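This explanation leads the reader through one protein structure, from the whole chain to single residues. Please keep the sequence and the three-dimensional view at hand while reading.

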Amino acid sequence: AMAALVASKQGEEKLWLLSELGQKPGLEATWLENLYDAIIALGSKKHDLKAAAKACVAACQLPAACASLEVEVCIKCVDAEAPWVSRVAALRRVSSLCSTAPSQVAATLPSLVPAITSCLWDTKKDVAEAAQEAMRESYELCGNRDIEALLPSLASAAIRPNEVGDTVHALAG
């Protein structure tokens, strides 16, 4: 019944309703269906829509079991066509998920790392900084003890391509 109510709403009205519903049991799928629109709306020029999106995204606290699906939404939100505010929010959400649902996020690394990498050299400083943080957090989830000591170098090489040669040499050692 709640999911049908949410589906009947549009725009900011839908986002406000979701933020009011909070974490009612059984709404996980509804949250996932609307999270992309909420994150993208954070970059809206319309003040009311942006405020509704901010409340909605803040209220969205999905269980760890949904983290891999949430990461998929965030990957879509970091597209270069998305507003920079939305990309920052998605990257920060990924960083947060690395702490709250590490094993679920680790399973998404093959698709997540390229998406984050595409934001590392963004012309908007806030996007690049959020991408660097998300990259560092993501790299820590690799679970490979042999390269744990080299993770800072890997993250640095992703940000600074001139360090790739030295990093590859260290990995080979």
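Residues 24 or more positions apart account for 61% of the contacts in the protein chain with a separation of 6 or more, where contact means heavy atoms within 4.5 Å. The model is a predicted one, in which local features need pLDDT of at least 70 and side-chain atom pairs count only at pLDDT 80 or more, while totals for chains, interfaces and linings use all residues. Residues are numbered from 1 along each chain as its sequence is written, and side-chain values use heavy atoms, with hydrogens and water left out.

The secondary structure of the protein chain consists of eleven helices and zero strands. Helices (H or I, at least four residues) and strands (E, at least two) are DSSP runs, numbered from the N terminus. Along the sequence, the pattern therefore reads α-α-α-α-α-α-α-α-α-α-α. The protein chain has 173 residues, of which 44% count as buried. Buried means under 20% relative accessible area, exposed means over 50%, and partly exposed lies in between (1.4 Å probe, protein chains only).

Helix 2 covers residues 11–21, and its buried residues are Lys14, Leu15, Leu17, Leu18, Ser19 and Leu21. These buried residues pack against helix 1 (2–7), helix 3 (28–41) and helix 4. After helix 2 comes Gly22, which has a positive phi, near 60 degrees.

Helix 3 also contains Ile39. Is Ile39 buried or exposed? Ile39 counts as buried because its relative accessible area is 1%. Not counting residues up to four places away in sequence, Ile39 touches Val57, Cys77, Ser86, Ala89, Ala90 and Arg93. Ile39 also illustrates how residues separated in sequence can be compared in space: Pro83 is 44 residues apart from Ile39 in sequence, and their C-alpha atoms are 9.5 Å apart.

Two of the residues touched by Ile39, Val57 and Arg93, also belong to the lining of the largest pocket. On a 1 Å grid over the protein atoms alone, a pocket is an open set of points with protein on both sides within 12 Å along at least five of seven lines, whereas a cavity is a set of points where a 1.4 Å probe fits but cannot get out; lining residues have an atom within 4 Å of a point. The largest pocket has a volume of about 210 Å³. Grid points are joined across faces, edges and corners, and a volume is the space filled by probe spheres set on the points. Which helices each supply at least two residues of the lining? They are helix 4 (47–59) and helix 6 (84–100), and helix 6 gives the most, with four residues. By class, the lining has seven nonpolar, three polar and two charged residues. In this scheme, Ala, Val, Leu, Ile, Met, Phe, Trp, Tyr, Cys and Pro count as nonpolar, Asp, Glu, Lys and Arg as charged, and the others, Gly among them, as polar.

Leu97 is one of the lining residues of this pocket. The C-alpha atoms of Leu97 and Ser68 are separated by 9.2 Å, although the two residues are 29 residues apart along the chain. Ser68 is found in helix 5 (residues 67–77) and counts as partly exposed because its relative accessibility is 25%. Leaving aside neighbours within four places in sequence, Ser68 is in contact with Gln104 and Thr108.

Thr108 lies in the loop between helix 7 (102–106) and helix 8 (109–117). With 9% relative accessibility, Thr108 counts as buried. Beyond its neighbours within four places in sequence, Thr108 is in contact with Ser68 and Val71.

Val71 is also among the contacts of Leu112, which include Ile75, Val94, Val105 and Ser138 when neighbours within four places in sequence are left aside. Leu112 lies in helix 8 and is buried, with a relative accessible area of 2%. Leu112 and Ile75 are 37 residues apart in sequence, yet their C-alpha atoms are 6.6 Å apart in space.
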